[in-house]
Amino acid sequence: MLNWLIIMVLLLGFASSAQSETVAPYGIVADAIPKPLTRNPGDAIRGRGLAAGRRANCLGCHRMPIPEQPFHGTAGPRLDGVGSRYTAGQLRLRLVDPTLINEDTLMPPFHKVGGLHRVAPAYRGKAILSAQEIEDVIAYLLTLKDE
Amino acid sequence: MGPYQRGLVLAVALLLLPGAALIFPASAQEARSGYFYASPETQALQDDPFANPGSLWLEEGRARWQRIEGAAGKSCASCHGDNGTELIEASAAYPKFNKRLGRPITLSQQINQCRVRHMGAAALAPDSEALMSIELLLRQRAAGRPMQVSVDGPMRPFYERGKALYFQRRGQFNMACYQCHDQRPGEFVRGERLSQGQINNFPAYLIRWGTVGSAHRRFQLCDRQARAEPFQIGSPEYVALEVYVAHRARGLAVEAPAVRP
């Protein structure tokens, strides 16, 4: 049963990647995407840069241990210690498409191109983050452990 | 459940009710102007008529009120008097249903209707300094009056359409108006403090614009933040959205000239 589910999601993943080359296929098991989206492991330093930057804009909504940035948003929960609360696979699903966990979430789907409305032309058919960038951000989040 | 237990449940529920009211005070849902959420510096700028940049637009608006333009040789004052007193109520009631067009129009669009149909003058460009100065003057005369847009009768379908737009997720960021402005007023997005996204204060001087702009221009900014393709100023979509958002602000005092970050 679960295998079928995984195959379905893989097919859906391929279907949307046919529209655009930018979304990697993935399979969901429970509340996680256990397998990395790329062969190259994530780079935590690049991930930290992405989290603080304007494109991913994690700091727009989350407080994170990035003291050199003056303004941290409070629209989402604090991410200190998030690497102790979740596995890489759980973080991956939350970044790729958080609406799969919480339909009403404010958090953007960072690796998704289908099912969105009125995307501005400059961003159409493009995921916010590439597969490699998702892995980089996960690598960074996993360094945020509770003391 | 026996009658005794049922009575007990009722008694406990009645005891909890006032408690619930304490945890979720009605004021949490009460309509509040963006002024309430603005920084003390921004509030001070708005409160001081000499420092408030909107004063310049009001001055321009007063001059334009009297200026004769167009083939009919009329000014706004020719039809509405020197102070436009009878427009005070109306200025708090837009968007308003226009029978001839069969749809609601904004105050900006009404001003242009007057110019084209009654003055024989050209319509002013959307959000132009000229249009904003006249509109801001009308709103300033209505300042303190409650927002009172009608959503009855023929307005209903436009209200419903606007409501759907308010709750529709849009853009690469997949965000809807209510998620920021109903669910999170008071929270921060980077350095910006979220308000309820009310429009009792438009047209408003935005420090980031360095000019006075319409509610539709603000909607565009929010849609762009979600990386959505914004609708046009004056488009049927934004007029409908304005009907919903104006009705959501009903009872809030018209605020003009307002200053926002």
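Author: Start with burial: buried means under 20% relative accessible area, exposed means over 50%, and partly exposed lies in between, with a 1.4 Å probe and protein chains only. By that rule, 48% of the 147 residues of chain A count as buried. For chain B, 49% of its 261 residues count as buried. This is a predicted model, in which local features need pLDDT of at least 70, side-chain atom pairs count only at pLDDT 80 or more, and totals for chains, interfaces and linings use all residues. Residues are numbered from 1 along each chain as its sequence is written, chains are lettered from A and ligands numbered from 1 in the order in which they are written, and side-chain values use heavy atoms, with hydrogens and water left out.

Reader: How many helices and strands does chain A have?

Author: Helices (H or I, at least four residues) and strands (E, at least two) are DSSP runs, numbered from the N terminus. Chain A has 5 helices and 0 strands, and its pattern along the sequence reads α-α-α-α-α. Chain B has 12 helices and 7 strands.

Reader: What is the strand order in the open sheet of chain B?

Author: Two strands pair if DSSP finds at least two bridges between them. The open sheet has 3 strands in the order β6-β5-β7 of chain B, with mixed pairing. Its edge strands are β6 (211-213) and β7 (259-260), each pairing on one side only. Strand β5 (residues 204-206) of chain B runs parallel to β7(B), and 2 bridges join them. In this pairing Leu206(B) stands opposite Arg260(B).

Reader: Which residue forms a salt bridge with Arg260(B)?

Author: A salt bridge is a side-chain nitrogen of Lys or Arg within 4 Å of a carboxyl oxygen of Asp or Glu. Glu255(B) is the partner of Arg260(B), with the closest N and O atoms 3.0 Å apart. Both Glu255(B) and Arg260(B) are buried. Salt bridges that share partners also join Glu60(B), Arg64(B), Glu69(B) and Arg115(B) into one network. Glu69(B) is partly exposed at 22% relative accessible area, whereas Arg64(B) counts as buried at 14%. Over all chains, the count comes to 19 salt bridges.

Reader: Which parts of chain A does the salt bridge of Arg46(A) and Asp136(A) tie together?

Author: Arg46(A) and Asp136(A) have their closest N and O atoms 2.9 Å apart. Arg46(A) lies in helix α2 and Asp136(A) in helix α5 (residues 131-142) of chain A, so the pair ties together parts that are 90 residues apart in sequence. Arg46(A) is partly exposed at 45% relative accessibility, and Asp136(A) is buried at 2%.

Reader: Is Arg39(A) buried or exposed?

Author: Arg39(A) is exposed, because its relative accessible area is 86%. The residue sits in the loop between α1 (2-19) and α2 (44-52) of chain A.

Reader: What area is buried between chain B and chain A?

Author: The size of an interface is often given as the accessible area lost when the parts come together. Buried area here is the accessible area (1.4 Å probe) that two parts lose on being put together, summed over both. Between chain B and chain A it is about 2400 Å², with carbon and sulfur atoms giving 48%. On the chain B side, Gln172(B), Arg190(B) and Arg227(B) lose the most area to chain A, together 36% of what that side buries. Contact means heavy atoms within 4.5 Å; it takes 23 residues from chain B and 32 residues from chain A.

Reader: How many salt bridges cross the interface of chain B and chain A?

Author: The rule finds 1 salt bridge there. Arg124(A) forms a salt bridge with Glu229(B), and their closest N and O atoms are 2.8 Å apart. On the side of chain B that touches chain A, α10(B) gives the most, with 3 residues.

Reader: Where is Asn174(B) found, and what is it in contact with?

Author: Asn174(B) is in the loop between α9 (156-167) and α10 of chain B, and it is buried, with a relative accessible area of 5%. Leaving aside neighbours within four places in sequence, Asn174(B) is in contact with Thr99(A), Pro109(A), Leu116(A), Arg169(B), Gln179(B) and Ala226(B).
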